[in-house]
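Here's a quick briefing to read with the model open next to you. Take it topic by topic and find each part on screen as you go.

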Amino acid sequence: MRADDSRPVAPDHWHLVDDVGEFLRRAGEFLRGRPGVHVMQSTWAERVRVRGVGAFGPGTPSFGFLEQGGQVRGTFYLLPPGSLGLSPLTPPQADALAARLAALGHAPRSVSADQDTATAFADAWRRQTGTRPEPRDVRVRLYRLGTLTPPEPMPAGRGRVLGEQDLEEVMHWCGEFARAVGEAAPTDAASWPRTRFADKRYTLWETPDGTPVSVAGMNPLIGGQIQVDIVYTPPHLRGHGYAAAAVTEVTRAALAAGAQDVVLFADRSNPTSNALYQRLGYRAATDWGAYDFT
């Protein structure tokens, strides 16, 4: 337990821990119980477990779980410099977490979760601290695979899995994707291991002459689940079915790797990508939201 969390606690209480192993020991079964909506909780806990607490810059990641009636009912992660991610919470649970974090002096800069939970926490944080929440412009939808339905026909070409020898090409495609969605792009091989892109496996779709036209990536298998992330086709190459082919190849690889659940996020404002994923057999699970605190 954290030093600031060592005092006796009530039976229904938010517990904070710095040790991700302790967090997974206490909350792992809860996370595995609803793998889809807990995808970000499980993913970031695993990243910290594998890479170490110092792999994401200055500061120490924190994790927490809510115990009610002797059972874990909610979780969160807080990554430096202040990104807060939540499992689905009721408004009273979110309010209790906001009060707990404020009392311990934590100051998250943002929150992300399913839309209802993110809104509930943003409102609770405003009440607790007077900090104004600003909703993010880009909102996403979580999809979960039903039955994979590959496009018929597939575009001409083939999928090629990128390996360690392809780092320069991987960084190029991830940089293009990051710039397209407004994220910080990886800059060089030295900084690459500290990015969220480094732990994925990528597949390029190539035309018959070997020209790469689309990329899709997938996270490692965590708790029986794999997240498809990222998906990108350059604007001048869209409309030919290349993204559908790349996502199909990665989804097949995820299933072959033993995934019982395959999930992905899509920008709700992009009807083309949402329609694409639904044609491939993905079904909407929940809408995701995020707020920045100013």
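The protein chain is assigned two domains, domain 1 (13-131) and domain 2 (145-292); bounds like these come from an automatic or database domain assignment. Keep in mind that this is a predicted model, where local features need pLDDT of at least 70, side-chain atom pairs count only at pLDDT 80 or more, and totals for chains, interfaces and linings use all residues. Residues are numbered from 1 along each chain as its sequence is written, and side-chain values use heavy atoms, with hydrogens and water left out.

- The C-alpha centres of domain 1 and domain 2 sit 27 Å apart.
- Domain 1 puts 23 residues into the contact and domain 2 puts in 22 residues, with contact meaning heavy atoms within 4.5 Å.
- Between them, the two domains bury about 1800 Å², and 56% of that is on carbon and sulfur atoms. (Buried area is the accessible area, taken with a 1.4 Å probe, that two parts lose on being put together, summed over both.)
- Which three residues supply more of domain 1's buried area than any other three? They are R47, R51 and Q115, which supply 26% of the area that domain 1 buries against domain 2.

**Helices α1 and α2**

- The axes of α1 (residues 20-33) and α2 (residues 39-51) come within 11 Å and cross at roughly 155 degrees. Helices here are DSSP runs (H or I, at least four residues), strands are too (E, at least two), and both are numbered from the N terminus.
- Axes are lines fitted to C-alpha atoms, for helices over the stretch in contact, and angles run from 0 to 180 degrees between N-to-C directions.
- α1 and α2 are therefore roughly antiparallel to each other (under 35 degrees counts as roughly parallel, over 145 as roughly antiparallel, 65 to 115 as roughly perpendicular and the rest as oblique).
- On the α1 side, the contact uses V20, F23, L24 and L31, and on the α2 side it uses Q41, S42, A45, V48 and R49.

**Helices α3 and α4**

- For α3 (residues 91-103) and α4 (residues 115-129), the axes come within 8 Å and cross at roughly 40 degrees.
- That is why α3 and α4 are oblique to each other.
- Among the residues making this contact are P91, A94 and L97 of α3, along with F121 and W125 of α4.

**Two cis peptide bonds**

- The peptide bond from E152 to P153 is cis, with omega near 0 degrees. You'll find P153 in the loop between β7 (140-145) and β8 (158-161).
- D229 and I230 are also joined by a cis peptide bond, with omega about 25 degrees. I230 belongs to strand β11 (residues 225-232).
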